[in-house]
Amino acid sequence: MKRAVYPGSFDPMTLGHLDVIERAAKMFDTLTVSVLNNTSKSPLFSVEERVKILQKAIAHLDNVEVDSFSGLLIDYCREKELHVVIRGLRAITDFEYELQIAQTNRKLSAGAVDTIFLTTSLEYAYLSSSAVKEIARFGGDIRQCVPKFLVQQVYDKYKER
Ligand code: PNS
């Protein structure tokens, strides 16, 4: 059984994330999308909200589940017996950071955890969660950035603040 994990902050998830999820789901028997519970950041959406949002977005994919984790990714992988990490690469600027994390994870796990990179579809190459937040904060149009059901939820977060 080929299993993989797609970890990330997903704050909020974007259509770029969904594109990576849909493509990775075709390559593996099961894919776990796992939200990092990073206590040192103050996120727009809570971990529970991000998990719910992802669950809604992947409802059409039978072999994808959503989970969350804290601490080191390799510890989570060990606990769940996962050996393949999926990450998306948008541009060369992502590469250095991603390479460092992938190599650190491989080293720390003594080779047990490998990373596979999927290059983001060109239509989403410009997209990032930070950009979505910046655009939404100033009332810009995020309809081409996140799933339809999520658009208002993102605007509402800024209304609450
Ligand atoms: O969506 P993001 O914020 O780019 O995702 C980054 C993520 C969650 C993949 C990465 O920060 C991570 O795995 N964090 C957990 C701590 C860890 O294991 N770090 C790797 C060793 S430097």
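Q: Where is P12?
A: This is a predicted model. P12 is placed in the loop between β1 (3–8) and α1 (15–27).

Q: Cis or trans, the peptide bond from D11 to P12?
A: That bond is cis. Its omega is near -5°.

Q: And F10, what is phi there?
A: Phi of F10 is near 50°, a positive value in a residue other than glycine.

Q: Where is F10 found?
A: F10 is in the loop between β1 and α1. P12 has its place in that loop too.

Q: OK, zooming out. How many helices and strands are in the chain?
A: The chain has six helices and five strands.

Q: What pattern does the chain follow along the sequence?
A: Read along the sequence, the order is β-α-β-α-β-α-β-α-β-α-α.

Q: What about the radius of gyration of the chain?
A: It is 15 Å. A compact globule of 161 residues would have a value near 15 Å, so the chain agrees with that.

Q: What box do the C-alpha atoms fill?
A: Roughly 45 × 30 × 30 Å, taken along the principal axes.

Q: Now the ligand. Where does the ligand sit?
A: The ligand sits in the largest pocket.

Q: Which residues surround the ligand?
A: The ligand is surrounded by G8, S9, L36, F69, G71, L72, L73, R87, T104 and N105.

Q: How do the residues of that shell divide into nonpolar, polar and charged?
A: Four are nonpolar, five are polar and one is charged.

Q: Which N or O atom of L73 lies 2.8 Å from an oxygen atom of the ligand, backbone or side chain?
A: For L73, a backbone N or O atom lies at that distance from a ligand oxygen.

Q: What about S9 and R87?
A: Those two use side-chain atoms. An N or O atom in the side chain of S9 is 2.6 Å from an oxygen atom of the ligand. For the side chain of R87, the corresponding distance to a ligand oxygen is 2.9 Å.

Q: And how much of the ligand does the protein bury?
A: The protein buries 73% of the 560 Å² that the ligand exposes when taken alone.

Terms used:
Residues numbered from 1 in each chain as written. Predicted model: local features only at pLDDT ≥ 70, side-chain atom pairs only at ≥ 80, totals over all residues. Heavy atoms only, no water. Near = heavy atom within 4 Å. Polar contact = N/O pair within 3.5 Å; in protein donor to acceptor, adjacent residues only side chain to side chain. Areas by Shrake-Rupley, 256 points an atom, 1.4 Å probe, with all protein chains shown as cover. 1 Å grid on protein atoms, 1.4 Å probe; cavity = no way out; pocket = protein on both sides within 12 Å on 5 of 7 lines; lining within 4 Å. Sits in = over half its atoms within 2 Å of the grid points. Nonpolar A, V, L, I, M, F, W, Y, C, P; charged D, E, K, R; others polar. Helix = DSSP H or I, 4+ residues; strand = E, 2+ residues; numbered from the N terminus. Rg over C-alpha atoms; globule rule 2.2 N^0.38 Å.
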